[in-house]
Amino acid sequence: MNASRTSLSSSAGRECWLPTLQLSMQEVFELMLGCSLEPAAEPPSEEGLDITSMVGLAGQVCGILSVRCSTKSAAQMASRMLGIDAEQAGPQMWDAVGEICNMVAGNFKNKISGLGDGCMLSVPTVITGGDYNVHSMGNNNLHTALLFEGQPVVISLEIHS
Amino acid sequence: MENIRALIVDDSSVMRKIVERSLRQAGLSIAQVLEAGNGAEALAAVENNKVDLILCDINMPVMDGLEFVRQLPGVANGKGVPVVMITTEGSEGHVVQALSAGARGYIRKPFTPDQVKEHVLPVLAENHQ
């Protein structure tokens, strides 16, 4: 799980963070949901991505890692994690997306040399609805989208310091 | 060991269900599964129930998993109960911290049922001797 450690200390090392973030997401889906994510051929429309989960990072790196998806995708994620029908997921879908975000954040920081012990994670927060704006103080943001069962899942890391 | 009474401590109900399923997939004979959403609830659960095994997250509101492990031997029924941490905090420092606090095993999220088996079975066997 920690085979591809990258560097914390130099900004040059941060160039590797985006593929590390994608790998972290991929591993969480493979191990916990039993499926692979596909790369998005082009930037997906963010319309309909009405569930957002966020985990805060504090320490040597401060920022927010977020995972955004549609309600339908969230229900499908809960379905795969719990072995239930997607129609039965109900509020458990929010918990599922929150826990996925939490695991991606943890998996990501454990792959970055020096970040594992030097950075704390918050418990996840889940927002439903798409009519909101996030105003970040960060100036170094990573943003990628992968496809889960053909539907986009957008992962962002907004780095504040 | 048969008819294990397990306590699963995690603030995510989804994760508690996944951990329970992993225990059953590991082939353990589970008689009862208790759940708690944080360390304080888990201490109360241990005081009121005898359990053979505890699987515990670290990052939780109210009382985190490390504090729970430290306080566990001081509550009724808590002494000697093995605790295996299951957490996203997977750095060496966190592992050392958890083992120093009294945890007997450590599983990093994301995990497979095989990893649960690999970490839990030796702990149960050691405790049963």
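In the predicted model, 19 residues of chain B are in contact with 23 residues of chain A. On the side of chain B that touches chain A, the largest share is contributed by helix α1(B), with five residues. Sorted by class, this side of chain B comprises six nonpolar, eight polar and five charged residues.

Helix α1 of chain B (residues 13–25) packs against helix α3 of chain A (residues 92–111), the axes lying 8 Å apart at an angle of about 80°. Because angles of 65 to 115 degrees count as roughly perpendicular, α3(A) and α1(B) are described as roughly perpendicular to each other. In this contact, α3(A) supplies Gln92(A), Asp95(A), Ala96(A) and Glu99(A), while α1(B) supplies Ser13(B), Val14(B) and Met15(B). Three nonpolar, two polar and two charged residues make up the contact of α3(A) with α1(B).

A further contact of α1(B) involves helix α2 of chain A (residues 71–82); the axes of α2(A) and α1(B) come within 9 Å and cross at roughly 30°. Since angles under 35 degrees count as roughly parallel, α2(A) is roughly parallel to α1(B). The contact of α2(A) with α1(B) contains five nonpolar residues and one charged residue, with no polar residues.

How values were computed: Residues numbered from 1 in each chain as written. Chains lettered and ligands numbered in written order. Predicted model: local features only at pLDDT ≥ 70, side-chain atom pairs only at ≥ 80, totals over all residues. Axes fitted to C-alpha atoms, helices over the stretch in contact; angles between N-to-C directions. Helix = DSSP H or I, 4+ residues; strand = E, 2+ residues; numbered from the N terminus. Parallel < 35°, antiparallel > 145°, perpendicular 65-115°, else oblique. Contact = placed C-beta atoms within 7 Å. Nonpolar A, V, L, I, M, F, W, Y, C, P; charged D, E, K, R; others polar.
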